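Please read the points below with the sequence and the model side by side.

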Amino acid sequence: MTQVQIPGTDLSIFPINLGTNTFGWTADEAQSHAVLDAFVAGGGNFLDTAESYPAWVPGNTGRESETIIGTWLASRDNRDEVVIATKVGDHPDHKTQDPDYIRTAIDASLERLQTDHVDLYYAHRDDEVTPIAEVARVFDEIVRSGKAKYVAVSNYSAARLAGWFAVAEDEGLVKPVAIQPQYSLVYRREFETDLRPVAERRDLAVFSYFSLAAGFLTGKYRTEVDLEGADRGGMVQGYFNAEGLKVIDDLVAIADSHDVAPATVALSWLLAKGVTAPIASARTPEQLETLMAAPGLELSADEVDRLDRASTPFAEEEPS
């Protein structure tokens, strides 16, 4: 299956990034291993995790996802077949970008993942307090130690990202090769206005999170009743308005015309908008087919324009 190169790296990836925040939440270890097996069997190779996944589940430590991936890697002996990205700095117990903590966090992540390196190490969420030079230097240190091949950022402002590049250029430090912004048909403004220009200028890979808006863009939430009892019902609620349902109507119409699922179209739209590999998660192996079909679906210019127009309210201002 078609793979793409992450700019500035030797990493080739299938253009769907498997989100693993469901591991240890809606999927137990055995289910998660089954998803990973099916993903790789289908041609996938790019896994996204974090030290904080899934800390929001009562009773969890927030380190379950990495641990589950680690037991899978150990049991399958296939580390060289996958590209692994993890993140630091958004755990409930430690949300800062303090360099001393980052040094210990990478070691803990590697131990849970049962590997000696990750391919991509993200600064997960900027605290906007730690001097950006200190952050840039500790991530450079981690790459030079061999514990990570490349670095990336998630949830950073364009200004702080520019500061990181300035320090890296002044001091000869490694530079981020990718960004991970929130971006979808119903969350467009921040990326398109602030971050896409930076990504294009710096030739950064873009890995969008909440690519399916917590499941809203699967089209399965059409009425208030559909939200009842849903694991992500609270997240979806924010899109459940006239503007959001208009996007769903057009998404479903285009999906029906191609005989594919709405989620496939939503991910294909992101690829058409320049996203390198949208992040999408699966609870069961059966859900993967819909996600992995997206790179093979080529939307027409008219279809992309139709979705652009339907989602305009989410590009111009925050949805009400």
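1. Helix H3 (residues 99-113) and helix H4 (residues 132-144) pack at an angle of about 25°, and their axes lie 10 Å apart, where axes are lines fitted to C-alpha atoms, for helices over the stretch in contact, and angles run from 0 to 180 degrees between N-to-C directions. That angle makes H3 roughly parallel to H4, a label used for angles under 35 degrees, with over 145 counting as roughly antiparallel, 65 to 115 as roughly perpendicular and the rest as oblique. The crossing of H3 and H4 is right-handed, meaning that the near helix is turned clockwise from the far one by less than a right angle. On the H3 side the contact is made by Pro 99, Ile 102, Arg 103 and Ile 106, and on the H4 side by Glu 134, Val 138, Phe 139, Glu 141 and Ile 142, contact being heavy atoms within 4.5 Å. The residues in this contact of H3 with H4 comprise 6 nonpolar, no polar and 3 charged; Ala, Val, Leu, Ile, Met, Phe, Trp, Tyr, Cys and Pro count as nonpolar, Asp, Glu, Lys and Arg as charged, and the others, Gly among them, as polar.

2. A word on the basis of these values is in order. This is a predicted model, in which local features need pLDDT of at least 70 and side-chain atom pairs count only at pLDDT 80 or more, while totals for chains, interfaces and linings use all residues. Residues are numbered from 1 along each chain as its sequence is written, and side-chain values use heavy atoms, with hydrogens and water left out. Helices (H or I, at least four residues) and strands (E, at least two) are DSSP runs, numbered from the N terminus.

3. With a relative accessibility of 39%, Glu 171 counts as partly exposed, since buried means under 20% relative accessible area, exposed over 50% and partly exposed in between (1.4 Å probe, protein chains only). Although Glu 171 and Ala 136 are 35 residues apart along the chain, their C-alpha atoms are separated by 9.7 Å.

4. Which order do the strands of the sheet follow? The sheet is open, has 8 strands and runs E9-E8-E7-E6-E5-E4-E3-E10, with parallel pairing; two strands pair if DSSP finds at least two bridges between them. Strand E9 (205-206) and strand E10 (279-281) are the edge strands, each pairing on one side only.

5. Within that sheet, strand E4 (residues 46-48) runs parallel to strand E5 (residues 83-88) and is joined to it by 3 bridges.

6. Strand E7 (residues 148-154) is mostly covered, with 6 of its 7 residues buried.

7. Some backbone details deserve a check. Most residues other than glycine have a negative phi, and most peptide bonds are trans. A cis peptide bond joins Tyr 53 and Pro 54, with omega about -20°, and Pro 54 lies in the loop between E4 and helix H2 (64-76). Asp 77, although not a glycine, has a positive phi of about 50°; it sits in the loop between H2 and E5 and counts as exposed at 69% relative accessibility. Gln 114, likewise not a glycine, has a positive phi of about 55°, and is found in the loop between H3 and E6.
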